[in-house]
Amino acid sequence: MEVESKQPRLSGATDAAELRIVMIGKTGTGKSATGNSILGNREFKTCLSGSSITTACQLGIKTRFNRKISVVDTPGLYDTGMTTEQVTTEIVKCITMTAPGPHAILLTVNVGRFTDEEHDTVKHFVNHFGEGMYNYLLVVFTRADELVKNNQNITDYVRGCPQSLKEILELCHNRYIPYDNTLSDSRLELQVKDLIGKVDEMVNRNNGNWYTNEMYEEAKKLMQRREEAVKQKLKEEEQRKVKHLQDEFDKQITLVEKKQAEQLLVQANKANEDRVAQLQKQMESERRLAQQMVDMKKEHDKALHAALSRPVTVTTGGGSRCSLM
Ligand SMILES: Nc1nc2c(ncn2[C@@H]2O[C@H](COP(=O)(O)OP(=O)(O)OP(=O)(O)O)[C@@H](O)[C@H]2O)c(=O)[nH]1
Ligand SMILES: [Mg+2]
């Protein structure tokens, strides 16, 4: 994705007096209002409604406190009516709009409940801008007036804030500032000076360096590599699932085939047994028949023998009888 902007760019002057700031955060957390207070005029549109007002990056430049201050206001994430991808494409423009890069990335967070969406917002930016962005991050706790109303101070608030927020604060070296956009002009100006002081401390810590386009390109490559790795992992998982299903299917088929073969064997055995029984029956009846014939032959022979052994009496003409032996 090529980073480009139709907005006017800074001349590229990078003297110490210059300060380039990018506002990021969830929708409605006060990015535009805070950007306006830093510039000291109503450069960006803000609104009371919960839905997103800022839909495109906008650059405001003002010379204030002897500094050339440029602020890029960005669209918020969530409740924007735009997809996260669309918002990200737009937000990425903030880097070229602050060319050669922003000294500070101000993350606005409303004091109060730090939601999962707020946490995801930060993670989303870190995914796109890389872990290196923490070096340039300052958390601006907007709606600090509510802390005052609740007799709370920022230290207590941070001490009691969710672990996910504490982790973010730790990663950006505990750089945060309470911020009240409802203050009167004079007090607002003092607050802006405090904020700029914090930003300057951060710039010093970064040896005067700023977040650069190269860092972004590096983060983009890293993200692409991560996405590729995730895609590859998903693909491998999918292939593993398909293979597992195929193996299961083959196993079932083998089982069915084995069962069928067993059934056929049982049937064949049964048919064999029937056939053997039938043959045995047939052989038995044939044996009985043969026995009968033997018996009959015996009877016949016996009768013949008896007949032959009886003396034959022949009556002669004289009335005498003689026996033939
Ligand atoms: N009470 C109070 N209200 C604030 C403060 N900061 C901002 N607001 C209000 O919160 C609302 C949202 O502020 P915006 O500056 O428009 O918020 P945003 O982050 O730019 O919102 P999107 O452009 O929609 O992403 C507005 O009504 C502001 O007046 C603050 O410190 N205290
Ligand atoms: Mg806005």
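**Entry 1: L107**

I began with L107, which I found in strand β4 (residues 104-110). Helices (H or I, at least four residues) and strands (E, at least two) are DSSP runs, numbered from the N terminus. The model is predicted, so local features need pLDDT of at least 70 and side-chain atom pairs count only at pLDDT 80 or more, while totals for chains, interfaces and linings use all residues. Residues are numbered from 1 along each chain as its sequence is written, chains are lettered from A and ligands numbered from 1 in the order in which they are written, and side-chain values use heavy atoms, with hydrogens and water left out.

Is L107 buried or exposed? I noted a relative accessibility of 4%, so L107 counts as buried. Buried means under 20% relative accessible area, exposed over 50%, and partly exposed in between (1.4 Å probe, protein chains only).

I then looked up its contacts, where contact means heavy atoms within 4.5 Å. Leaving aside neighbours within four places in sequence, L107 is in contact with I24, G25, V122, L137, L138, V139 and V140. For V122, which is 15 residues away along the chain, I recorded a C-alpha separation from L107 of 8.2 Å.

**Entry 2: The whole protein**

I counted nine helices and eight strands in the protein. Of its 325 residues, 36% count as buried. Among contacts between residues at least 6 apart in sequence, 71% join residues at least 24 apart.

**Entry 3: The nonpolar cores**

I next looked up the cores, a nonpolar core being a set of buried Ala, Val, Leu, Ile, Met, Phe, Trp, Tyr and Cys residues joined through side-chain atoms within 4.5 Å. In soluble globular proteins, nonpolar side chains tend to be buried together.

Which residues have the most contacts inside the largest nonpolar core? They are F129, M133 and F141, in a core of 39 residues. The elements that give it two or more residues are β1 (18-25), α2, α3 (93-97), β4, α4, β5 (137-142), α6 (154-159) and α7 (163-171). The largest share, four residues, comes from α4.

A second, separate core has 20 residues, including F44, I177, L195 and V199.

Two packed helices are described by the angle between their axes and the distance between the axes. Axes are lines fitted to C-alpha atoms, for helices over the stretch in contact, and angles run from 0 to 180 degrees between N-to-C directions.

Helix α2 (residues 84-91) packs on helix α4 (residues 116-129) at about 55 degrees, with the axes 12 Å apart. α2 is therefore oblique to α4. Angles under 35 degrees count as roughly parallel, over 145 as roughly antiparallel, 65 to 115 as roughly perpendicular and the rest as oblique. T84, E85, T88 and I91 of α2 make the contact with H124, F125, H128 and F129 of α4.

For α4 and α9, I noted an angle of about 105 degrees and axes 6 Å apart. This makes α4 roughly perpendicular to α9. The contact is made by N127, H128 and F129 of α4 and M215, Y216, A219, K220, M223 and R226 of α9.

**Entry 4: T212**

Not counting residues up to four places away in sequence, T212 touches I95 and P100.
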